[in-house]
Amino acid sequence: MVVFDEWANDPSMVHAFSTKNGGVSTGAYATLNLGFNRGDEAANVLENYKRVAEFLGVDIGSFVASAQTHKCEVLQVSYDDLGNGILSANKFKDIDAIYTTDKGVTLVTYYADCVPLFFYAPKHHIIGIAHAGWRGTFGEIGKRMATIWHEKHCIPYEDMEVVIGPSICKNCFEVHTDVSDIFMQKEIFEQFVVPSSVEGKFNIDLWACNKKSLESVGINKISIANRCTCCEEDNFFSHRRSLGIRGSLAAFMGLIE
């Protein structure tokens, strides 16, 4: 499990980003697969969640999972949603970012190269996680989360802290022009799209794109984990590296009761 130095000693919040190690799943899902939709045995996945809950020091019933479809919808969740997607069927639809102000709720979002954006405003007791694949990055899902916090909860942007978690690095994220052309449509992202070593392809720095987007609204406390899910084969599942035959990683955040 990856824990960020910025928040490691915070007594009010728990967080982690999973590695692929420490679980009971086998084969392509070995060993800490957290995706019920990957083809793994449900009993194995549930046991893996129990192990994560123990690591975090929370109850497995506190988990609330997103319902990701590479869109930019943000949802506030609460006690009423406990167990969603883990102990009960997922009742959400098209939700790629979730946040809460309720203690005892542990947020869960899923990854295997896409960018996890961890949000925290300690003075205001609010946490959130956004799933930013290339579509969510281009759609600035992180900025959408921040704007909702600012407009709905009156949280100053300067009070927000963000960690950009383990995800695909710019060298591994090589794309064709169908994706690079989209990013070139936004001036703030142009500088992060560069020709790759392969003719006709480009590399895009999704970490830098997300950071630039968040800075544009005045968030200045942004850290990057600098861990690549595609490079670190021993530590992380990677959709690109495995050609889609893999388990799922997950991001977790919870306010301590």
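Start with the lining of the largest pocket: by class it has 13 nonpolar, 12 polar and six charged residues (Ala, Val, Leu, Ile, Met, Phe, Trp, Tyr, Cys and Pro count as nonpolar, Asp, Glu, Lys and Arg as charged, and the others, Gly among them, as polar). A pocket here is an open set of points on a 1 Å grid over the protein atoms alone, where a 1.4 Å probe fits, with protein on both sides within 12 Å along at least five of seven lines; lining residues have an atom within 4 Å of a point.

Before you click on: this is a predicted model, where local features need pLDDT of at least 70 and side-chain atom pairs count only at pLDDT 80 or more, while totals for chains, interfaces and linings use all residues. Residues are numbered from 1 along each chain as its sequence is written, and side-chain values use heavy atoms, with hydrogens and water left out.

Now select Gln68, His70, Cys114, His131 and Arg246, the closest to the centre of the largest pocket among its 31 lining residues. The space there comes to about 730 Å³ (the volume filled by probe spheres set on the grid points, which are joined across faces, edges and corners). Colour S5, helix H2 (134–138), strand S9 (174–175) and helix H7 (239–242) next: each gives two or more residues to this lining. Helices (H or I, at least four residues) and strands (E, at least two) are DSSP runs, numbered from the N terminus.

Stay with S5, residues 106–111. Six of its six residues are buried, so S5 is largely enclosed by the rest of the structure (buried means under 20% relative accessible area with a 1.4 Å probe, protein chains only). Show side chains: Thr106, Val108 and Tyr110 point one way, Leu107, Thr109 and Tyr111 the other.

Which strands flank it? S5 sits in an open four-strand sheet with mixed pairing, in the order S1-S13-S5-S2. Strands pair if DSSP finds at least two bridges between them. On one side, S2 runs parallel to S5 over three bridges; pick Ala65 opposite Val108, then Phe63 with its partner Thr106. S13 (residues 249–255) pairs with S5 in the antiparallel sense over six bridges, and Gly254 stands opposite Thr106. Out at the edges are S1 (13–17) and S2 (63–65), each pairing on one side only.

Last stop: Gly57, Val58, Gly104, Leu255 and Glu257, the closest to the centre of the second largest pocket among its 15 lining residues. That pocket has a volume of about 150 Å³, and its lining has eight nonpolar, five polar and two charged residues.

Conventions:
Buried means under 20% relative accessible area, exposed over 50%, partly exposed in between (1.4 Å probe, protein chains only).
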